Amino acid sequence: MKRKLQNTTYKVAPLLALAVIVGIWLFVCEGEIVPAFMLPSPVDVFTAFVNDFPLLLTHAQITLQEALYGLLIGIAFAFIIASLMDRFQFLYNAFYPLLVLSQTIPTVAIAPLLVLWMGFEMAPKITLVVITTFFPITIGLLDGFKSVDKDQVNLMRSMKANRFQTFYIVKIPTALPSFFAGLKISASYAIVGAVIAEWLGGFEGLGVYMTRVKKAYAFDKMFAVIIFICIISLLLILLVALIQRLAMPWLRRTKQKIN
Amino acid sequence: MSFLEVKNVTKSFDNKTIIKDVNLHLEKGEIVSLLGISGSGKTTLFNAISGISTPDSGKIILDGKDITGKPGSISYMLQKDMLFPFRKIVDNVALPLTVSGVSKKEARKKASALFEEFGLEGTQMQYPDELSGGMRQRAALLRTYLASKGVALLDEPFSALDTITKSSMHKWYLDIMEKIKLSTLFITHDIDEAILLSDRIYILSGVPGNITDEIVIDEKKPRSNDFALTEKFLEYKKLVVEKIAFT
């Protein structure tokens, strides 16, 4: 009972904080402390959001497609790289530093290059999403594979399991929690990655729409897109969390027991 | 010829000899304890017998076949139960069958048939974290049994349990062994446990580790925990303590 109450407080607290921030924002705008052309009032943003909603949805379809394709390819890519690096120590030694290094390259800097190489269609956007999302997943998988207990591998050997069996019976399930930890980060990167790529050239998508309304100085619409992007990113993370729950039923049971 | 023979096994790490010229044998259906103080090379010997590591010299012979350095013939169980948290108990127990290519359904059926005998009835679909330490060790022993081709190595299987659970596990273990007749090499540092459970006790001591003594526990089976309260048990205990102190 007490626990339930605590849970509710946890959920109410961030909502209250959000309400306070929006309240201040409203006060600052309506009191004309900041001019309306610089910061649109939450009311205007809300109106823009509602009016533009159908348009936002059409653009979101494109962006979501890019993000999801990118994320899926990123997962596949991460899985292959991590498996190979786990299997061959020299690949791990050779590529781990390079992987880390690859993440220091600013996304915004390579996006225009990708557009030049691949054109204005979906390809450069998906590629950018792959580049931004595969890293956290790869690291998650690698850490997961490395966390396997040596005695468990020996146990498998004592049962005459081959490498492949040890891999899918022990290593993959053991790596799942850290894989999902990485995937959650990647999911939040995916939408943003696609949007950034769209800024630099394209015909449709939330990023394209964003540059358009920016050029029109329609700040209320701009804010509406930003909020919309936040919402779909959150939904994507929630989706990952849901899949995670379904993929690891043993954790759910254990938690129930502890509670 | 014995069922399992360990002949002149020597193993070193980093130029340090851990065990030297270890000889022992195990008959069919026998429970033999290997009693050793810490640092006597129990685990090294254990890995060599199970085939996880290859000894520098010497041979492991099971049922007339040389299995030195070849894992897969001798199953083992550790102090850690090593049940995979992500597999249901029945799938954990059936793992050796699954690995050898039996279908999931068939493996579950075969494993499930033994649950009652091992006192595990009803836990099939639970996850390991939902079970107590004693129950988990039961499941681990059942897995070891299903993995075995006649010989099991148990490395301090009950030493992580609390005294009361341990005592009830001893009773359970004596009962179950009467039924399944699994030839067992039982590694322990607990003298009482060794006397209570075994037909024979080897004492492993010295640096490098070697078998320094062999004691036959001549007490009929099935035994009960009450054996530990008899005069005879104390005599054995005195004998073992003396032999360990002497070396």
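Which residue in S2(B) stands opposite Phe13(B)?

A: The residue opposite Phe13(B) is Lys16(B), in S2(B). Bear in mind that this is a predicted model.

Start with the turn itself. S1(B) and S2(B) form a hairpin with two residues between the strands. Asp14(B) has a positive phi in this hairpin, near 45°. The two strands run antiparallel and are joined by seven bridges.

Now follow S1(B) to its other partner. S1(B) covers residues 4–13, and S4(B) covers residues 57–62. Five bridges hold this second pairing, again in the antiparallel sense. Here Glu5(B) faces Ile61(B) of S4(B). Strands of a sheet pair through backbone hydrogen bonds, in either a parallel or an antiparallel way.

Strand S9(B), residues 200–205, runs antiparallel to S10(B), residues 210–216. Six bridges join these two strands. Tyr202(B) has Glu214(B) of S10(B) as its opposite number. The hairpin of S9(B) and S10(B) has four residues between the strands. Its positive phi falls on Gly206(B), near 90°.

Next, the other chain. Chain A has ten helices and zero strands. Its pattern along the sequence is α-α-α-α-α-α-α-α-α-α. The C-alpha trace of chain A spans about 75 × 60 × 30 Å along its principal axes.

Chain A and chain B are in contact. Chain A supplies 21 residues to the contact, and chain B supplies 24. The size of an interface is often given as the accessible area lost when the parts come together. Between chain A and chain B that buried area is about 2,200 Å². Carbon and sulfur atoms give 64% of the buried area.

Specific pairs also cross the interface. Two salt bridges are found between chain A and chain B. The side chains of Lys80(B) and Asp149(A) form a salt bridge, at 2.9 Å from N to O.

Which elements of chain A touch chain B with two or more residues? They are H6(A), residues 150–158, H7(A), residues 163–199, and H10(A), residues 249–258. H6(A) gives the most, with seven residues. By class, this side of chain A has nine nonpolar, six polar and six charged residues.

Finally, confidence in chain A. The chain averages a pLDDT of 88, and 95% of the residues score at least 70. H2(A), residues 42–87, has the highest confidence in the chain, at 93. H10(A) has the lowest, at a mean of 66. H10(A) is also one of the helices that give two or more residues to the side touching chain B.

Technical notes: Residues numbered from 1 in each chain as written. Chains lettered and ligands numbered in written order. Predicted model: local features only at pLDDT ≥ 70, side-chain atom pairs only at ≥ 80, totals over all residues. Heavy atoms only, no water. Pairing = 2+ DSSP bridges. Contact = heavy atoms within 4.5 Å. Buried area = accessible area lost by both parts, 1.4 Å probe. Salt bridge = Lys/Arg side-chain N within 4 Å of Asp/Glu carboxyl O. Nonpolar A, V, L, I, M, F, W, Y, C, P; charged D, E, K, R; others polar. pLDDT = per-residue confidence, 0-100.
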